[in-house]
Amino acid sequence: MDKDTLEQTRRELRRFVREKLVPLEKQVADDDRIPDEIRRSFADMGLYGISIPEEYGGLGLAMDEEVELVFELGWTSPAFRSLFGTNVGIGSQGILIDGTTEQKQAWLPRLASGEVTSSFALTEPEAGSDAASVKTRAERQGDHYVVNGTKRFITNAPQAGVFTLMARTDPNNKGAGGVTAFIVEAKTPGITVGKPDRKMGQRGSHTADVIFDNVKVPAANIIGGKEGQGFKTAMKVLDRGRLHISAMCVGAAERLIHESVSYARDRKQFGQAIAEFQLVQAMLADSRTEAYAARCMLRDAAKRYAAGENVSLEASACKYFASEMVGRVADRAVQIHGGSGYIQEFAVERFYRDVRLFRLYEGTSQIQQLVIARQMLRQAEAGRDV
């Protein structure tokens with residue numbers, strides 16, 4: 001996308017977020033539901049296809065372009081972004097990167113338009129951070145596989161039309177090499193979606209268990225047509241996903257800073273606005289400094305990703321820093337608001353709960369630390385600067 005068009009798109013999205021979405025935040029939290037007209041608006045704006053190439057009906061944004069739009073989306077409740085987030089990231093990128101020509105043609109246009117919502121079915125009751133320990137079993141029977149197992153915390157599962165499923169096809173291989181990625185239509189007999197989880201935050205964004213009970217999946221639905229590549233496919237989409245979530249963290253931090261500054265200027269104590277108190281100013285300064293640092297490091301990593309560099313270390317560093325950063329900013333925002341920050345009438349109370357999830361999904365902070373350190377050690381062994 002050329003620079004002028006990107007800037008116009010960003011401005012339009014900013015206006016939509018602040019004029020349409022922000023006023024709906026409380027309603028969405030109370031109802032645990034995003035209005036249908038918002039979904040249609042997202043589809044009309046092309047947001048379902050941010051990362052999908054134009055040849056398949058998407059916007060085809062490069063990573064450094066994508067983060068500029070996600071900064072704007074982070075200004076409002078994360079639940080709105082989750083509505084189409086799986087289509088942008090883990091639900092489409094595996095097909096785009098490793099899928100066959102037929103798989104791409106069959107699914108990417110429908111994902112880009114928002115006609116179909118995708119979900120990424122990897123996590124299980126005993127396979128979260130240790131994603132290679134998947135136990136869901138896919139047994140070959142002629143020209144199809146029979147799948148049995150349970151997936152947990154699957155984002156958008158209640159609305160999904162298709163799942164990218166990770167299942168073990170080689171029971172003798174207990175590691176990553178025994179896992180295969182499948183495209184599974186949600187209406188396939190034997191699939192049951194559980195009740196939506198009752199979460200700490202991000203109401204309006206739904207996760208649920210997905211149970212596979214003797215589900216028949218055509219062998220042609222293996223992503224890329226080859227067994228044992230599922231874990232590799234999953235790992236390939238992580239860098240982009242971690243950068244995307246980092247941009248959400250930056251946007252949310254900047255909304256929290258906005259709320260904090262506005263409140264500090266209006267709230268009076270001891271005959272003056274609390275914004276005049278140096279200890280309040282220190283909290284504002286710390287939040288702005290950290291948010292600025294996250295934005296800068298993310299733009300650098302996203303630009304490198306778009307140029308084709310291996311940014312696994314940088315993507316994990318961004319995700320680790322940005323997700324921890326927004327947690328600190330949210331905590332300061334509540335502190336600046338005082339008792340009001342603990343009351344649901346104020347946005348910072350909701351954001352305080354919402355942003356906590358960023359430190360968990362797309363790899364916990366502890367997983368990011370391991371990725372960063374191991375990459376550093378590999379670089380040192382190769383004689384490269386760390």
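User: What distance separates the centres of domain 1 and domain 2, taken over C-alpha atoms?

Analyst: This is a predicted model, in which local features need pLDDT of at least 70 and side-chain atom pairs count only at pLDDT 80 or more, while totals for chains, interfaces and linings use all residues. Residues are numbered from 1 along each chain as its sequence is written, and side-chain values use heavy atoms, with hydrogens and water left out. The chain is divided into domain 1 (3-113), domain 2 (118-228) and domain 3 (232-382), with bounds from an automatic or database domain assignment. Over C-alpha atoms, the centres of domain 1 and domain 2 are separated by 23 Å.

User: What area is buried between domain 1 and domain 2?

Analyst: Buried area is the accessible area (1.4 Å probe) that two parts lose on being put together, summed over both. Carbon and sulfur atoms give 56% of it here. In domain 1, Asp32, Gln103 and Trp107 lose the most area to domain 2, together 32% of what that side buries. The area buried between the two domains is about 1700 Å².

User: Which helix gives the most residues to the side of domain 1 that touches domain 2?

Analyst: Helices (H or I, at least four residues) and strands (E, at least two) are DSSP runs, numbered from the N terminus. At least two residues of that side come from each of α2 (25-31), α5 (78-88), α6 (93-98) and α7 (101-113). With six residues, the helix that gives the most is α5.

User: Which residue does Glu68 form a salt bridge with?

Analyst: The count of salt bridges comes to 24. In the one formed by Glu68, the closest N and O atoms are 2.9 Å apart. Glu68 lies in helix α4 (residues 63-73) and its partner in helix α9 (residues 278-306), so the pair ties together parts that are 231 residues apart in sequence. The partner is Arg299.

User: How many bridges join β3 to strand β7?

Analyst: Two strands pair if DSSP finds at least two bridges between them. Strand β2 (residues 137-141) pairs with strand β3 (residues 144-155) in the antiparallel sense over five bridges, and Gly142, in the turn of their hairpin, has a positive phi of about 70°. β3 also runs antiparallel to β7 (residues 207-218), where the bridge partner of Val146 is Lys216. The bridges joining β3 to β7 number nine.

User: Leaving aside neighbours within four places in sequence, which residues is Gln375 in contact with?

Analyst: Gln375 is placed in helix α12 (residues 365-381). Ser316 is 59 residues from Gln375 in sequence and 10 Å away in space, C-alpha to C-alpha. Contact means heavy atoms within 4.5 Å. With those neighbours left aside, Gln375 is in contact with Ser312 and Leu313.

Note on methods:
A salt bridge is a side-chain nitrogen of Lys or Arg within 4 Å of a carboxyl oxygen of Asp or Glu.
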